[in-house]
Amino acid sequence: YGTLLGSSIFQSFIAGPVAFTSLPRAQFATLQATIFPIYFSLQSALPVLLALTYPGRSHSSPFGALNNNNNGGHAVKSSMGGFLAEENRWTTLMPLATCFAATVVNLVWAGPKTNEIMRLRKHQETRDGKKAYDAPPHSKEMQQMNKDFSRMHGVSASLNLLALAGTVFYGIVLAERLE
């Protein structure tokens with residue numbers, strides 16, 4: 001869990017913004033295009049690992065009355081059995097499934113689509129003799145590509161924040177189980 005939350009916060013709020021303000025745009029774009037497939041692969045795999053290692057609860061424990069709250073006094077299986085248990089659908093399955101789905105969409109669709117738009121914009125910059133981020137006016141083609149890029153970047157960022165929200169929610173659920 002710590003790796004999922006930490007890498008998400010670090011990439012989203014520290015590494016990405018620092019790289020954006022420190023690197024020339026071309027190098028920043030190359031860095032992000034290289035990091036994002038690795039980042040989204042990790043963010044996709046970790047919710048699966050969390051589901052496989054879901055900590056169950058039993059009502060008998062050598063440590064006394066451990067985990068008797070929130071489970072109605074009955075045992076909850078570990079691993080996928082507990083993860084998929086009906087009483088965990090909204091508190092465990094939903095946030096981790098949301099995290100998984102959002103990052104997979106970023107990995108297989110939003111990220112590659114954004115990279116493709118960046119590649120096309122680079123070619124259009126050569127044709128126009130002007131950078132995509134230079135002051136207007138821009139060619140109609142560049143205006144459309146800038147609009148498409150902004151839209152896809154917004155989709156990707158929104159998916160990333162949705163995954164982070166699911167991760168934080170799951171962390172709260174885990175923390176509530178501590179005694």
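Trainee: Why is Phe40 called buried?

Mentor: Its relative accessible area is 3%. Buried means under 20%, so Phe40 qualifies. Keep in mind that this is a predicted model.

Trainee: What makes Tyr39 count as buried?

Mentor: The same cut-off applies: under 20%. Tyr39 has 6% relative accessibility, so Tyr39 counts as buried.

Trainee: Why is the pair of Tyr39 and Phe40 called tilted?

Mentor: The ring centres are 5.0 Å apart, and the planes stand at 55 degrees. Pairing needs centres within 6.5 Å. Planes under 30 degrees apart would be stacked, and over 60 edge-to-face.

Trainee: Why does Phe36 count as partly exposed?

Mentor: Phe36 has 28% relative accessibility. Buried is under 20% and exposed is over 50%. The value lies in between, so Phe36 is partly exposed.

Trainee: What links Phe36, Tyr39 and Phe40 into a cluster?

Mentor: Ring pairs do. The structure holds five aromatic pairs. In one of them, the rings of Phe36 and Tyr39 have centres 6.3 Å apart and planes at 45 degrees, so that pair is tilted. Phe36 and Tyr39 are three residues apart in helix α2, so about one helical turn separates them.

Trainee: How do you know that the charged end of Arg121 sits over the ring of Phe149?

Mentor: The charged end is 4.3 Å from the ring centre. The distance limit is 6 Å, with an angle limit of 35 degrees from the ring normal.

Trainee: Which residues does Thr114 contact, leaving aside neighbours within four places in sequence?

Mentor: Phe149, Met152 and His153. Thr114 itself is buried, at 10%.

Definitions and conventions:
Residues are numbered from 1 along each chain as its sequence is written. This is a predicted model: local features need pLDDT of at least 70, side-chain atom pairs count only at pLDDT 80 or more; totals for chains, interfaces and linings use all residues. Side-chain values use heavy atoms; hydrogens and water are left out. Buried means under 20% relative accessible area, exposed over 50%, partly exposed in between (1.4 Å probe, protein chains only). Contact means heavy atoms within 4.5 Å. Rings of Phe, Tyr and Trp (its six-membered ring) pair if their centres lie within 6.5 Å; planes under 30 degrees apart count as stacked, over 60 as edge-to-face and the rest as tilted. Helices (H or I, at least four residues) and strands (E, at least two) are DSSP runs, numbered from the N terminus.
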